[in-house]
Amino acid sequence: MRTRDTNKEALIREKAIEIIVKHGFDGLSMHKLAKSAGVSVATIYIYFKDREDLIQQLYTEETRKMADATLRNFDPEARFDEGLKVQWLNRMNYCLENPYSMTFMEQLKHSPLVSRATMDTRFLNAMSRFVHKAIEQKEIVSLPVEIYWSIAFAPLYQLVKFHISKTSMPGRPPFVFDEAKINQTLELVIKALKP
């Protein structure tokens, strides 16, 4: 039996994410991945049962990394505006430092290729406690979680996408997500969630 090499496994994971981001799910084959990673196809099967197992493991690992980054210095007992700012900065920094990971997770978010049952319970519990406490304290209105998430985080992710892609609306210069724009957008988001 061939031994596992953590460096090779990490390279395979990295190249798989790059291929999916650049060419979509249909662009990922084990042969293309092996060539990109400089390994044999058999080597990939040391680490993953098949293509679907690879995609599920990648999604689980990338969402765990994002959850860890989001929870850095985050206190679920914090006042809502303070806690949301910590989350925004953590999420933004993670996405800016890991643009392939962010795009990969976006592509998979609504895909039947992955199971969301593996979501980090520590992350879910912290977010749930944070939001429920803010509702109890009347810092924000009670909303269905999908509406809350869309108001609280969709603006952040859209602006990060503009920043990463160095684009904007047609006819405008590239968007740069600087501190002033972060604060302005966050202020509007908090205002929209207040009772």
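Me: Let's start with E136: is this residue buried or exposed?

Reply: Exposed, as E136 has a relative accessible area of 54%, and the cut-off for that word is over 50%. Keep in mind that this is a predicted model.

Me: Which residue pairs with E136 in a salt bridge?

Reply: The general idea first: side chains of opposite charge can pair when their charged atoms come close. Here the partner is R129, with the closest N and O atoms 3.9 Å apart. R129 counts as partly exposed because its relative accessibility is 33%. Elsewhere, salt bridges with shared partners link E61, R64, D68 and R122 into one network.

Me: How many salt bridges does the structure hold?

Reply: There are 14. An α-helix has 3.6 residues a turn, so residues three or four places apart point the same way. In helix α1 (residues 6-23), E9 and R13 are four residues apart, so about one helical turn separates them. Their salt bridge has its closest N and O atoms 3.2 Å apart, and both E9 and R13 are buried.

Me: What about K15 and E18, how far apart are they in helix α1?

Reply: Three residues, which means about one helical turn again. The K15 and E18 side chains meet in a salt bridge at 3.8 Å, N to O. K15 counts as buried at 19% relative accessibility, and E18 is buried too, at 17%.

Me: How does the lining of the second largest pocket split by class?

Reply: Six charged, four nonpolar and two polar residues.

Me: Y94 belongs to α5, so what is there to read in that helix?

Reply: Check the span first. Helix α5 (residues 80-97) has 18 residues and runs 25 Å from first C-alpha to last, close to the 26 Å expected. Then check burial: Y94 is among the buried residues of α5, which also include F80, W88, R91 and C95.

Me: What covers the buried residues of α5?

Reply: Among the covering elements are α4 (51-71), α6 (99-108), α7 (121-136), α8 (145-152), α9 (154-165) and α10 (179-193).

Methods:
Residues numbered from 1 in each chain as written. Predicted model: local features only at pLDDT ≥ 70, side-chain atom pairs only at ≥ 80, totals over all residues. Heavy atoms only, no water. Helix = DSSP H or I, 4+ residues; strand = E, 2+ residues; numbered from the N terminus. Expected span 1.5 Å × (residues − 1). Buried < 20%, exposed > 50% of the residue type's maximum accessible area, 1.4 Å probe, protein only. Contact = heavy atoms within 4.5 Å. Salt bridge = Lys/Arg side-chain N within 4 Å of Asp/Glu carboxyl O. Nonpolar A, V, L, I, M, F, W, Y, C, P; charged D, E, K, R; others polar.
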